[in-house]
Amino acid sequence: MLMNLKDIELFKDFNAEELQRFEGVAEEIELNLGEMLFEEGEPGDALYIVEQGAVRIFKTLDRTTGEEKSLALLEPGAYLGEMTLIDGTPRSASARAEIPSRILRITRDNFLRLLREYPQAAIRLFVSFMRVMSQRLRQTNEELVVMYQIGRLIGAAPPTGELVRGVLERAMAGTDAAWGVFFRVNDITGNLEAAEAVGKGFESVLNLKTKLDQGLAGLCLKEGQALKIDDSEDDIWMENLQRFGYERKAMIAAPLIYRDKPIGALILGEPQNAPEFNSANLNLVEAVTSEAAAALEASLMQADAASREKHDRHFFRF
């Protein structure tokens with residue numbers, strides 16, 4: 001376990017002796033797929049660090065229907081619950097394992113014991129908290145700008161094509177993606193159609209048609225969640241998945257679903273200043289698609305109605 005701690009952002013500046021001090025206070029717990037780490041409202045009594053797997057942070061909007069709002073997806077190296085080490089406040093959201101996961105747990109009591117016995121290690125942990133929290137604040141500021149722009153775009157109620165392209169471009173800007181493709185679900189054929197593409201050389205993707213369950217776009221709709229692909233040649237999500245020519249090494253695919261109805265999917269690729277997308281990028285894309293889904297559904301329905309009306313007028317004229 002201690003060999004892994006050095007690879008975690010929170011502990012990267014710790015020396016061997018300081019890492020050793022955590023041997024007696026950090027414990028490993030295993031979570032199965034779908035198992036809860038904690039639930040909203042429970043007493044906050046521990047810091048958790050994702051060692052392997054992935055943990056979804058969410059709030060329950062309606063317990064009767066089970067409706068949830070995803071807040072973040074935490075991958076190895078990410079941590080949660082750090083403020084409970086200080087004030088022990090109740091959990092403000094729930095956490096659930098998205099895949100089988102291994103978590104490091106440091107209880108508040110054990111942390112306070114460490115603080116008394118070896119304050120240097122505890123102080124260094126606080127310094128790490130401050131550094132990572134500063135990074136999170138910068139990311140949050142960037143996300144707020146993107147979401148503000150998305151809100152203004154939706155509020156302006158532009159034509160469908162402008163709305164789709166605007167959402168795509170803002171998602172790309174927020175994640176530093178080199179390209180993006182929007183697939184819409186054709187309600188008549190039930191197929192996925194590439195309705196918009198942004199990025200050099202991606203014009204050829206336009207009008208690509210696939211079945212609803214095919215390709216990366218179909219996969220994220222089937223799973224009902226955003227997917228982060230770090231290496232398309234060696235990623236479990238891409239195994240045995242049919243490819244259509246737009247796929248690249250690093251990608252994010254996110255479904256647009258409104259009231260359980262699939263509307264389409266957003267696929268972004270190739271971050272321009274990093275080898276792969278990070279968890280913050282994934283969380284931003286999830287927020288963008290969640291915000292845009294209802295607006296796109298209404299816009300597409302309006303466009304389809306206008307098209308049918310135009311067809312009817314032409315038909316009855318003759």
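**The domain interface**

A: Happy to! Between domain 1 and domain 2, four residue pairs are in polar contact, both residues being at pLDDT 80 or more; a polar contact is a pair of N or O atoms within 3.5 Å, where within protein one must be able to donate a hydrogen and the other to accept it, and residues adjacent in sequence count only if both atoms are side-chain atoms. Strand β4 (residues 67–74) gives the most to the side of domain 1 that touches domain 2, namely five residues. Strands here are DSSP runs of E with at least two residues, helices are runs of H or I with at least four, and both are numbered from the N terminus. By type, that side of domain 1 divides into three nonpolar, one polar and four charged residues. In this scheme Ala, Val, Leu, Ile, Met, Phe, Trp, Tyr, Cys and Pro are nonpolar, Asp, Glu, Lys and Arg are charged, and the others, Gly among them, are polar.

A word on the ground rules: this is a predicted model, in which local features need pLDDT of at least 70 and side-chain atom pairs count only at pLDDT 80 or more, while totals for chains, interfaces and linings use all residues. Residues are numbered from 1 along each chain as its sequence is written, and side-chain values use heavy atoms, with hydrogens and water left out.

The rule finds two salt bridges across the interface, a salt bridge being a side-chain nitrogen of Lys or Arg within 4 Å of a carboxyl oxygen of Asp or Glu. Glu 75 forms a salt bridge with Lys 228, with 3.1 Å between the closest N and O atoms.

As for the domains themselves, the assignment gives domain 1 as 5–117 and domain 2 as 146–315; such bounds come from an automatic or database domain assignment. Their centres, taken over C-alpha atoms, are 32 Å apart. Eight residues from domain 1 and seven residues from domain 2 take part in the contact, which means heavy atoms within 4.5 Å.

Together the two domains bury about 570 Å², 31% of it on carbon and sulfur atoms. Buried area is the accessible area (1.4 Å probe) that two parts lose on being put together, summed over both. On the domain 1 side, Arg 56, Leu 73 and Glu 75 lose the most area to domain 2, together 63% of what that side buries.
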